[in-house]
Amino acid sequence: MKKTYKIEVDCANCANLMEDAARKTAGVANATVNFMTQKLIVEFAEGQDPKTVMANVLAACKKIEPDSEIFL
């Protein structure tokens, strides 16, 4: 399952770091951040609960870029 989330990030480098953090999160099959449109597209692994996984993605992204936001 794929879902798109609106994000708020200040720089392209931070967006790349957020993308890497999201991809490494358990339960995420793939993740893409588009800095220009301020969107995060997450493909969840089979059988994963999107709410639980996104809470972990948000925590991972906040460690890298505390000012970033993902609107769940």
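Which residue in S4 does isoleucine 7 stand opposite?

Reply: Isoleucine 7 stands opposite isoleucine 70 in S4. The model is predicted, so local features need pLDDT of at least 70 and side-chain atom pairs count only at pLDDT 80 or more, whereas totals for chains, interfaces and linings use all residues. Residues are numbered from 1 along each chain as its sequence is written, and side-chain values use heavy atoms, with hydrogens and water left out.

Strand S1 (residues 2–8) pairs with S4 in the antiparallel sense over 3 bridges; strands are DSSP runs of E with at least two residues, helices runs of H or I with at least four, both numbered from the N terminus, and two strands pair if DSSP finds at least two bridges between them. The open sheet has 4 strands in the order S2-S3-S1-S4, with antiparallel pairing. Its edge strands are S2 and S4, each of which pairs on one side only.

S2 is joined to strand S3 (residues 39–44) by 6 bridges, and the two run antiparallel. Alanine 31 has valine 42 in S3 as its bridge partner. The hairpin of S2 and S3 has 4 residues between the strands, and glutamine 38 there takes a positive phi near 55 degrees.

Helix H1 has buried residues (under 20% relative accessible area, with exposed meaning over 50% and partly exposed in between, for a 1.4 Å probe and protein chains only): Cys14, Ala15, Met18, Glu19, Ala21 and Ala22. These residues pack against strand S2 (28–34), helix H2 (50–64) and strand S4 (69–71), contact being heavy atoms within 4.5 Å. On the other side of H1, Asn13 and Lys24 are exposed.
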